[in-house]
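Please keep the structure open while reading.

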Amino acid sequence: MTDLTQPILDHDNLNLVLDNLKLGIIAHTPERIITVFNKEAEKITGYLKEEVIGNDCHKVFQTPFCGGKCSFCDGTPEFSFGSKEYPLNIITKDGSTRQLEMTVSAIINHDKIFKGVLASFRDVTESFNLSLKAENLSNFAGIIGKDKAMQDIFRQIRDVALYNYPVHVSGETGTGKERVAYAIHDISSYGTGAFVPVNCGAIPEGIVESELFGHVKGAFTGAIKERKGRFELAHKGTLFLDEVAELPLKTQVKLLRFLQEGSFEKVGGEKKESVEVRIISASNKNLKEEVTAGRFREDLYYRLNVIPIHLPPLMQRKSDIPLLAAQFLKEAEQESTNAVPQLTNEALEIMLDYHWPGNVRELKNVIQFSVVRSRGSQILPSDLPMEIIQGRDLTFQVAEIHPLQEIMPARGKLDTESVKAAIKQAGGNKSKAARVLGVGRATLYRFLAQNDEIKNFADQF
């Protein structure tokens, strides 16, 4: 007969249970000494239990295993941090990269004393790669998009986050360059530090060097005390140099020296300062053309443009407009205590025709404007800003209006075979295909957004 007074699981049985889980499990003490490392953790990381048990987590993996969200980079935290869930990239023992879904929780005993950390993780590399291959990811690290160009950008963000190489993000104003920079920061080992954005074009030329590198007391009139620059504020984090093409040539020289030597001098100072910081730059100008024009140093260009990422303008990925509009409506609903109106097909049709010079930022502004202006439960064409509807015929029948979220009209009118045939007949032109089918473009775009097979078929043309 089983003795019910004895623990159900002794130490050996507990290890047996952990080793049969399909989750990687790591636990460590407040001093980062690993105490638990199960079979799945071995399989995912490539490290053996004997190599890690009893050793410092950071030293075993040569970097914080929990990535940028690690709470132990500066020693033991003074209090428990609750629980965190986030995506994470790791480099395994054999040098390959894996995409994980990580959950990190504080271990608290019965006396409410912090005893360490329990991390559970799942390897989602294959499913993530399949999603990228099938181009059916619509949201990655807070960035919305199913267009092929955006899927490529998701892949670049994932890959570059593992390394500390400088990244340059190019694209028109409003395409989301800062959001991409933050996504790289957030899933990298620098995510535990600060993300410090600097708009280089908004700083007066006379003080840009001081803003970036700081100054010592008495360096110039008004320098009544020593001041840290953005580089120091971004120590162990990421410095995002937005509109880097606007930096004066003199400041470009000092930035180049930092990239070469890893140190700088404050304005008016003689002591060399060293910081550990990741540099991500961005510009809506073509840096290569700025080099040719003599406004940007060629050697600095090659130092910053190690990993280039280009964001396409919104007009080149119009199939993402319904997704983005739905997301911005959802955000508006979260920010308001009132019911948020839904976007009608007619309003979406007009938005699909617009050229969007302000890109995603302009689209968000349009949605916010229309939500405020709408007087009912729907956003009508007449609720859109004047520059969007200028020159358009706004005559329509109310009975024909359907909210963007409603999918029955699309399902009622369209089917896979007829859409494929229309797209093939139109040579991949979605506007022509919609006319062949006798539906609005908004209806066709919505159908494509909900049917990855048809969307992939359309993208082949």
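At what angle do the axes of helix H14 and helix H20 cross? The model is predicted, and in it the two axes cross at roughly 90 degrees. They come within 8 Å. H14 covers residues 345-353, and H20 covers residues 441-450. An angle from 65 to 115 degrees counts as roughly perpendicular, so H14 is roughly perpendicular to H20.

The H14 side of this contact consists of Asn345, Leu348, Glu349, Leu352 and Asp353. They meet Arg441, Ala442, Thr443, Tyr445 and Arg446 in H20. By class, the contact has four nonpolar, two polar and four charged residues.

**H20 and its other partner**

H20 also packs against helix H21, residues 452-459. Here the angle is about 110 degrees, and the axes are 5 Å apart. H20 is therefore roughly perpendicular to H21. From H20, the contact uses Phe447, Leu448 and Gln450. From H21, it uses Asp452, Ile454 and Lys455. Three of these residues are nonpolar, one is polar and two are charged.

**H13 and H15**

How does helix H13 cross helix H15, left-handed or right-handed? The crossing is right-handed. H13 spans residues 321-335 and H15 spans residues 359-373. Their axes come within 10 Å and cross at roughly 50 degrees. That angle makes H13 oblique to H15.

H13 brings Ile321, Leu324, Ala325, Phe328, Leu329, Glu331 and Ala332 to the contact. H15 brings Val360, Leu363, Lys364, Ile367 and Val371. The class count is 10 nonpolar, no polar and two charged residues.

**Salt bridges**

How many salt bridges does a search of the whole structure find? It finds 19.

| Pair | N to O distance |
|---|---|
| Glu211 and Arg230 | 3.0 Å |
| Glu226 and Lys266 | 2.7 Å |
| Arg317 and Asp320 | 2.8 Å |

Take Glu211 and Arg230, whose side chains meet in a salt bridge. This pair links distant parts of the chain, 19 residues apart. Glu211 sits in helix H8, residues 208-213. Arg230 sits in helix H9, residues 230-233. Buried means under 20% relative accessible area. Glu211 has 14% relative accessibility, so Glu211 counts as buried. Arg230, at 21%, counts as partly exposed.

Next comes Glu226, which forms a salt bridge with Lys266. Glu226 lies in the loop between H8 and H9. Lys266 lies in the loop between strand E11 (263-265) and strand E12 (272-274). The pair therefore ties together parts that are 40 residues apart in sequence. Is Lys266 buried or exposed? Lys266 is buried, with a relative accessible area of 5%. Glu226 is partly exposed, at 48%.

The side chains of Arg317 and Asp320 also meet in a salt bridge. Arg317 counts as buried, at 4% relative accessibility. Asp320 is buried too, with a relative accessible area of 0%.

Some salt bridges share partners. Which residues do they join into one network? The network consists of Lys148, Asp152 and Arg155.

Technical notes
Residues are numbered from 1 along each chain as its sequence is written. This is a predicted model: local features need pLDDT of at least 70, side-chain atom pairs count only at pLDDT 80 or more; totals for chains, interfaces and linings use all residues. Side-chain values use heavy atoms; hydrogens and water are left out. Axes are lines fitted to C-alpha atoms, for helices over the stretch in contact, and angles run from 0 to 180 degrees between N-to-C directions. Helices (H or I, at least four residues) and strands (E, at least two) are DSSP runs, numbered from the N terminus. Angles under 35 degrees count as roughly parallel, over 145 as roughly antiparallel, 65 to 115 as roughly perpendicular and the rest as oblique. Contact means heavy atoms within 4.5 Å. Ala, Val, Leu, Ile, Met, Phe, Trp, Tyr, Cys and Pro count as nonpolar, Asp, Glu, Lys and Arg as charged, and the others, Gly among them, as polar. A crossing is left-handed if the near helix is turned anticlockwise from the far one by less than a right angle, and right-handed if clockwise. A salt bridge is a side-chain nitrogen of Lys or Arg within 4 Å of a carboxyl oxygen of Asp or Glu. Buried means under 20% relative accessible area, exposed over 50%, partly exposed in between (1.4 Å probe, protein chains only).
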